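Morning, everyone. Please have the sequence and the 3D view open while I talk.

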Amino acid sequence: MNNYTSFIGMEVHVELNADKKMFCGCNASHFQVEPNTHVCPVCLGLPGAMPVPNENAIWDVIKIGKALNCKINLKAKFDRKHYFYPDLPKGYQISQYDLPFCFDGSVTLSDGKVVRIRRVHLEEDTGKLKHANVDGRDVSMIDFNRSGVPLVEIVTEPDMETADEVKEYLKIIHSLVRYLGVSDADMEKGSMRLEANISVSKDKNLPPYKVEVKNVNSFRYIATSVDFEIERHKKIIEEGKWPAQETRGWDINTKGTVAQRSKEEAKDYRYFPEPDIPRIVLDENKVMEIEKNLPLLPQVARDQLISLGVRREWAVFLMEDKAMAEYSINLAKEAKIVNFEVDKVVGMLTNNKIDWKNKTVSEVLSELKSKSEEVKMDEAECLDLVNGVINDNPKVVADFKSGKENAIQFLMGQVMARSRGKADAATVMNLLKQRLISK
Amino acid sequence: MTEVVLRDEELIKLFELSKLEVGSVDIQKMKTQLSDVLSFVSVLNDVDTSGVEDTAEVTGLSNVFSKDEGKRMMGLEDALSGAVSKDKGYFVVKGVFVEDDNA
Amino acid sequence: MPKTIADYHRMLLSGETTVKAVVLECMEKIEKDNARLNIFLTVNDKAIEEAEKMDQLFAADKSILERKPLFGVPVGHKDIFSTKGMRTTAASKVLEEYVPSFNATVVEKLNDAGVIIMGKLNCDAWAHGSSGENSDFGPTLNPVDETRVPGGSSSGSAAAVAAGMVMVSTATDTGGSIRLPANFTGTVGLKPTYGRVSRYGVIAMASSLDSIGHVTRNIEDNAKVFEVTSAPDIYDANTADSRPFKFEQGDVAGLKIGIPSEYVKTLKDEDVLAAFNKSVERLKNMGVEIVEVSLPYTDKAAASYYILQPAEVSSNLARFDGVRFGKGRTAFGPEAVRRMLIGAYTLSSGYYDAYYKKALKVRTLIKQDFDQVFQGVDLLVCPVSPTPPFKLGEKISDPVSMYLSDILTIPMNLAGIPSLALPYGQTTEGLPLGFQIVGPRYSEELIYKVASAFEKHE
């Protein structure tokens, strides 16, 4: 099955770590809080209550948008999005429809792939439903503490093609909002939620369907579900049909996706501008200030590391945490100055061999320097040790000669141990090979 | 004025969108009345609005932001006071199994 | 009952009356007439007790009248105003048992000004109607002629004042719902500038059109209440521009007042036309310059309104799902159902542009009509209703004919401008007639000035 193109777009919801809710002054914290205690007439949707927007949340979205290279709609508004669900108290969600705060951005992955950001908008979160069985009846218990918490939605174009690209994109978003300090993006707590839109076609054209995969709360599972879906779609397409346009959920038991809705009509949200909230007109100067004052961003950190000589996978790994990223860039820069092999030095950081939280970059580098200046064994001394180990381990030598290539590692280890680290590993390997092949 | 005649399927869809039960009203009467209203308002089709902006709001206001200090936060008892069905601090409804719309 | 609030306070100071006496008088009227007229849905059984407390406060410190401008005034609230601890039904079975745990801002302000709440007033359910006949709890009768409607949707508000059961009623006007009942009952009703009075806690009908006002027996009382309610409120974003109101009286000679020809043309009823012409004559005698003006898009206003309003209604009623309060959605009456269905239709994808967006553009044209006209005149004077109060049952079976009662009041809501309905004249059968004074946004000071001068003119 070749010649297939996958089209994957991601919708990520990020809960802002705001003090107050999006449209009222209620305490926005809701994790492990007694149910229905952080509510007021507004977020409970009581008759006569009206929304008034939280300004800080708006500037947080602008930060996110700018960090994602987006254009900003200086004139923006909120809209009502209508649907019925018990956790949605007003029967509509205040969101943004045609004038989102941010649009037309992009994120570049480590291999140069550009993922376009279609839009970044602000909306309010819903309450939380808990399923239970009370007196033999299946019920849902609703807690509205989360209702009205500010939520940012980040939507990409269907530019991703593989599970790896999806994972990397998500890592960037996950890091980015934490670098900006606007969200703790905790997948387990639900402050970052994922939804993938997947389709596959035999040519380069976007096919006339897409499948939404929801209810996945880890990068690993979203990757697995993406792989699963791509295979599932390919099989159906091979049979000459298009996969059904539907919503599916990740099932941890079957390690596959399952259809979640029986009928799938286009939902009619009947959007119209929110009449209770006057329009937003953003100060262009303030937007530019925000752009200017953006901190180091994960994609930028990653690219800096790569340009300094760090290998791609490690750069992606290190960008995840801002403090670690900043440290590794510093380390790479300084290592380069003293002519150390950047990739090697930074590799030690990646492999947890550097106590970066407690040591400064200069301390680390000077330690490495003194270690390397230790008188290294010369080749003659090495040869002695090599011969000694070969003589003392005839069986292992015999194993090697009879085809067991890995046996040489054992011998190598022995030489290094006997040298108490003073031998140069590459030299030892060369000598061992020479001696074993000649003998 | 254009005559608008609502089809039965359209009417049923409107009931669904509004979460209202069809059985609660005289359906033929409702269809006629709705069609009458829609015909009545269709007089707007004849109005030339090319180049005219929408007026979604009349105040001309912009950038009104919250000054709410959280004084309206209700106690649990008040929050649950209107609910017919409640338990252990939660509102209770019949079990809902279709996944909700919001991620 | 004292004729005005000023009289009332004078009589309290002179000892001629007490708060308890006034409240008792109201309560007696309620006990005698409410079952028949169906004005109050809920009566405050603590009103007399509260009146006694107020008399004690007054006895201890007479200067309380300076701090509480509406001290002791018996008030009724249209039953869409949230009153803490007091049932609020919106005249609908859905909220038959709903008791809010908070006060609407206006309720709070009036409480702070010293009012006594006599109870909650009947209206068209959810404020949907022009006659009071859409209440789930039976129609209110017009106290002036009990075979006729008192007008709606603030039917109970106007009737309560006309029947002497309260001195002041709160009310709302989305397409004429204060002005029409004021006109039908011979009382004074204010529809303020949209956004001048807080909507917080008032059950929303159409969010971009609802204006929060009140009904009284005379201009002076009406202005006094407005001095309390006109203010910005942090809980209602659309009041950010609001400001206090101060009642000014004085000479209005030299003002230019326009009469929109399109409005007068609708008057087929001889009595209404005659009374309107007489009121214009009176204004002229006051030294006002009368000018004929044109509002060309007047005849498109009702169509625009009956697209925008049901759309917002369908949205605002979505929260009534029976989960957190109220009964479920099966308890909605037919008019509410009708408006929700129309709203769903005009907002649905495929129809949004043709209906909703189109109506928004026509709204602009109507607003521009007023903006242009106010370049040349200070205020407008127009009739409120094409007909005198109609009979119960006359229009109820045809929604469109009922909607047409509002054609002379709807345009002001679309434009967001203020209008004061005041009584003047009667039909040969003694039915109340009147007219409205309309001004640009935030021109209530001038409107009241003219209204007061009109009322006092010999």
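First, the ground rules. This is a predicted model, in which local features need pLDDT of at least 70, side-chain atom pairs count only at pLDDT 80 or more, and totals for chains, interfaces and linings use all residues. Residues are numbered from 1 along each chain as its sequence is written, chains are lettered from A and ligands numbered from 1 in the order in which they are written, and side-chain values use heavy atoms, with hydrogens and water left out.

Start with chain B. What is in it? There are three helices and two strands. Helices (H or I, at least four residues) and strands (E, at least two) are DSSP runs, numbered from the N terminus. Along the sequence, the pattern reads α-α-α-β-β. Is chain B spread out or compact? Its radius of gyration is 22 Å, well over the 13 Å that the globule rule gives for 103 residues, so chain B is more spread out than a compact globule. That radius is taken over C-alpha atoms, and the rule is 2.2 Å times the number of residues to the power 0.38. Along the principal axes, the C-alpha atoms of chain B fill a box of roughly 55 × 45 × 25 Å.

Now chain A against chain B. Chain A brings 57 residues to the contact, and chain B brings 37 residues. Contact means heavy atoms within 4.5 Å. The two chains bury about 4200 Å² between them, and carbon and sulfur atoms give 59% of that. Buried area is the accessible area (1.4 Å probe) that two parts lose on being put together, summed over both.

How many salt bridges cross here? The rule finds one. A salt bridge needs a side-chain nitrogen of Lys or Arg within 4 Å of a carboxyl oxygen of Asp or Glu. The partners are Arg279(A) and Glu57(B), at 3.4 Å, N to O.

Which element of chain A gives the largest share of the side that touches chain B? Strand 9 of chain A does, with six residues. By class, that side of chain A has 27 nonpolar, twelve polar and 18 charged residues. Ala, Val, Leu, Ile, Met, Phe, Trp, Tyr, Cys and Pro count as nonpolar, Asp, Glu, Lys and Arg as charged, and the others, Gly among them, as polar.

Stay with strand 9 of chain A. It pairs with strand 2 (residues 90–94) of chain B, antiparallel, over four bridges. Two strands pair if DSSP finds at least two bridges between them. Look at Ile142(A): its bridge partner is Phe91(B). Phe91(B) also stands opposite Lys86(B). Strands 1 and 2 of chain B pair antiparallel over two bridges.

The order is 8(A)-9(A)-2(B)-1(B), an open sheet of four strands with antiparallel pairing.

Next, chain B against chain C. Here 45 residues of chain B contact 56 residues of chain C. They bury about 4500 Å², 70% of it on carbon and sulfur atoms. Phe40(B), Leu44(B) and Val58(B) supply 15% of the area that chain B buries against chain C, more than any other three residues. There are two salt bridges. One of them joins Lys361(C) to Asp54(B), with the closest N and O atoms 2.9 Å apart. Again, 14 residue pairs are in polar contact. Helix 2 (27–41) is among the contributors from chain B. It gives the most to that side, with eight residues. The classes there are 26 nonpolar, seven polar and twelve charged.

Last stop: chain C. Strand 10 (residues 419–426) pairs antiparallel with strand 5 (residues 188–191) over three bridges. Lys191(C) stands opposite Ser419(C). Strand 10 also pairs antiparallel with strand 11 (residues 432–438), over six bridges. There, Ala421(C) has Gln436(C) as its bridge partner. Strands 10 and 11 form a hairpin with five residues between the strands, where Gly430(C) takes a positive phi near 85 degrees.

Methods: Polar contact = N/O pair within 3.5 Å; in protein donor to acceptor, adjacent residues only side chain to side chain.
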